[in-house]
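Dear colleague,

I am passing on a structure for you to look at alongside your own work. Please read the notes below with the coordinates open.

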Amino acid sequence: MTYEYAVFYRLLLLCGYKDELQQYIDDALVDQDPLSNIVLELSTTGSDDKKMLSVLNEYLLQVKDSDIDYDVTVFDYVMSFLKRKYVKDAMPMKDITELMYRLALYTERYPDEPWYSMYLMSDLYNDAEAGYIDKE
């Protein structure tokens, strides 16, 4: 697991989405030989979100935060996830924008682009719904 994926799965866990990480673990248990330490540790957490989060946090302590590509790689993972939720799972746009806000907030990078635009989407959507700005 790359550090960027660890950040991505951490963000999803913080927002209440653990199925993606669980699927990664299940796939890695089948595909990896030998198993990486991170997959082995995650596989022993069962479905305990707090334990999964703890393992990911400890894994991320091994690298400097500045060495993680938040603004391209992690952002692309997040955008792909959001697109799947909208297109495949038919998640309402209001829920998507609220999730965007939380994801950006949890990165602690929301004052800077591209996360700042994501951070603002919920407010902008709510303003459009209220008629303060044009929806199109």
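This is a predicted model: local features need pLDDT of at least 70, side-chain atom pairs count only at pLDDT 80 or more; totals for chains, interfaces and linings use all residues.

Residues are numbered from 1 along each chain as its sequence is written, and side-chain values use heavy atoms, with hydrogens and water left out.

The protein chain has seven helices and zero strands, where helices (H or I, at least four residues) and strands (E, at least two) are DSSP runs numbered from the N terminus. Of its 136 residues, 35% are buried (under 20% relative accessible area, with exposed over 50% and partly exposed in between, for a 1.4 Å probe and protein chains only).

Helix α5 (residues 70-87) packs against helix α6 (residues 93-107) at an angle of about 160°, the axes lying 10 Å apart, and the two are therefore roughly antiparallel (an angle over 145 degrees, on a scale from 0 to 180 between N-to-C directions). On the α5 side the contact (heavy atoms within 4.5 Å) is made by Val78, Phe81, Leu82, Lys85 and Tyr86, and on the α6 side by Met93, Ile96, Leu99, Met100 and Leu103.

Gln23 belongs to helix α2 (residues 19-31) and is partly exposed, at a relative accessible area of 43%. Although Gln23 and Asp127 are 104 residues apart in sequence, their C-alpha atoms are 36 Å apart in space.

Best regards

Methods: Angles under 35 degrees count as roughly parallel, over 145 as roughly antiparallel, 65 to 115 as roughly perpendicular and the rest as oblique.
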